[in-house]
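Thanks for coming. I will walk through one model today, starting with the sheets and then turning to the chain contact, a helix pair and a few single residues.

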Amino acid sequence: MADKKEEIKSEIKRNLRTIAILIIVIILIYFDISITKLLNFTEDKKIIWTLDFGIYNILVSMLFSVVYYFYKGAKLQIKIDILNKKEDTSEITIRENPEEIYVKLNVEGKHKKFSSKIEIFFPHWIDVQTKPKPYLSFDEDKNTYLIDLESLILNKENISLTESITFDVLKNTDEKNKDLIEAKLKLGLFTKFFKVVLENKGIKIKSK
Amino acid sequence: MNSYGKLFRGRNNINFRSYDPEKEKYFQVIKEARSEGLKQVIINSEIMTDILYATLQSNGVVLKVNMSDNTDNDVKDNVKAIISKLKSDNLIFVKLREELEWAADSGSIDINSIDVYFSNKRYEIYSNGIIHGDDLDLLFSEIIKPVLEKYFYGR
């Protein structure tokens, strides 16, 4: 489900980019700003239009890529993957014995301040355990672990951090259940748009 | 009396519930404990190794270490060989610790269960927090509780 959502998001972004390029190119041609005419290449209006359209398309696409490259480079990249520790997959089945999942946290880029913590919600039919760490806290009522990103990145100017946190999980009921465990980091719209790129992949968990 | 127990932890304490598998359902025991705000204890390999060490320090004997199915046969054989020597020389535990170092990596559950002999009684300790043996109160208070309190609460 999360993968599908991401796929649709990037498809929409791709299409919006194409539409934006098209609009800019049409505006340039509409106002008769022509590179082909400047080069005195031909008098044929159809050829002028076609060449202008092609050249502007390439130039505007390149400009978009350069702008996107600097825009993305200025943002802090956070990648959170939750995986089955034994098989390194995004699926896990729990039977009578405990299993291990791990959170792989990757942070790269320039330091940004965070007011919220990364939340990992575990379903109610799971008992979860990890070795206490200074940057980890647990909300008993929500069965949720909280990762304090601020204390992990420790005011460093440039961050290149990979942290793995193992969680042991054991079912607490004999009912057959299924759920998706995902990490969440609450970010404001401005932060999301200009400061942080968040990639987040959860794990499908089921009990048998 | 030969009985079963299940380990639980609260916000600031460790305890266990005795139960009879023939009379009580396993998940019913868990449900009741959870209604009192307790959670199951998972004995991962790091805790299991600490329990082995605590047993030896209390003049107990390690009888068996059952590794998970996906453990290399070489490791299983080495562990078996070290345990047979442990009976005569406790210092060999250093070797066992080295052999289990990869398994004791934070949070791993590669030791399914261990069998120990302590205070003239035999006990089994499972990774899902089940303990089995003659005098569970003694095993709990002397070996398991101190190890778990150190792991979870650092005391």
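**Sheets, contacts and some loops**

In chain A, an open sheet is formed by five strands in the order 5-8-3-1-11, with mixed pairing. Its edges are strand 5 (126-129) and strand 11 (196-201) of chain A, each of which pairs on one side only. On average, neighbouring strands of this sheet are turned by 20° against each other, direction ignored.

Before going on, the conventions. This is a predicted model, in which local features need pLDDT of at least 70 and side-chain atom pairs count only at pLDDT 80 or more, while totals for chains, interfaces and linings use all residues. Residues are numbered from 1 along each chain as its sequence is written, and chains are lettered from A and ligands numbered from 1 in the order in which they are written.

Now the terms used so far. Helices (H or I, at least four residues) and strands (E, at least two) are DSSP runs, numbered from the N terminus. Two strands pair if DSSP finds at least two bridges between them. Angles run from 0 to 180 degrees between N-to-C directions, and axes are lines fitted to C-alpha atoms, for helices over the stretch in contact.

Strand 1 (residues 76-84) of chain A runs parallel to strand 11 of chain A, and six bridges join the two. Within strand 11 of chain A, A:Leu198 is the residue opposite A:Ile78.

A:Gln129 has A:Asp168 of strand 8 of chain A opposite. In a regular strand the side chains alternate between the two faces of the sheet. For strand 5 of chain A, both faces are covered: A:Ile126 and A:Val128 on one side, and A:Asp127 and A:Gln129 on the other, are all buried. A residue counts as buried if 20 or more other C-beta atoms lie within 10 Å of its own, as exposed if 12 or fewer do, and as partly exposed in between, with C-beta atoms placed from the backbone.

Which elements of chain A give two or more residues to the side that touches chain B? First the totals: 17 residues of chain A are in contact with 18 residues of chain B, where contact is a pair of C-beta atoms, placed from the backbone, within 7 Å. The elements asked for are strand 5 and strand 8 (158-171) of chain A. Strand 8 of chain A gives the largest share, four residues. By class, this side of chain A has four nonpolar, six polar and seven charged residues. Here Ala, Val, Leu, Ile, Met, Phe, Trp, Tyr, Cys and Pro count as nonpolar, Asp, Glu, Lys and Arg as charged, and the others, Gly among them, as polar.

Chain A has another open sheet, of four strands in the order 6-7-4-10, with antiparallel pairing. Strand 6 (136-139) and strand 10 (183-185) of chain A are its edge strands, each pairing on one side only. The twist averages 25° from one strand to the next. Strand 4 (residues 118-121) and strand 7 (residues 144-147) of chain A run antiparallel and are joined by four bridges. A:Tyr145 in strand 7 of chain A stands opposite A:Ile120.

In the loop between strand 6 and strand 7 of chain A sits A:Asn143. Its phi is near 50°, a positive value in a residue other than glycine. A:Asn143 counts as partly exposed because it has 17 C-beta neighbours inside 10 Å.

Next, a helix pair in chain B. Helix 2 (residues 45-57) and helix 5 (residues 136-153) of chain B pack at an angle of about 135°, with their axes 9 Å apart. These two helices of chain B are therefore oblique to each other; angles under 35 degrees count as roughly parallel, over 145 as roughly antiparallel, 65 to 115 as roughly perpendicular and the rest as oblique. The contact of helix 2 with helix 5 of chain B has nine nonpolar, one polar and one charged residues.

Last, B:Asn59, in the loop between helix 2 and strand 4 (61-67) of chain B. B:Asn59 is not a glycine, yet has a positive phi of about 60°. With 9 C-beta neighbours inside 10 Å, B:Asn59 counts as exposed.

Definitions and conventions. Contact = placed C-beta atoms within 7 Å.
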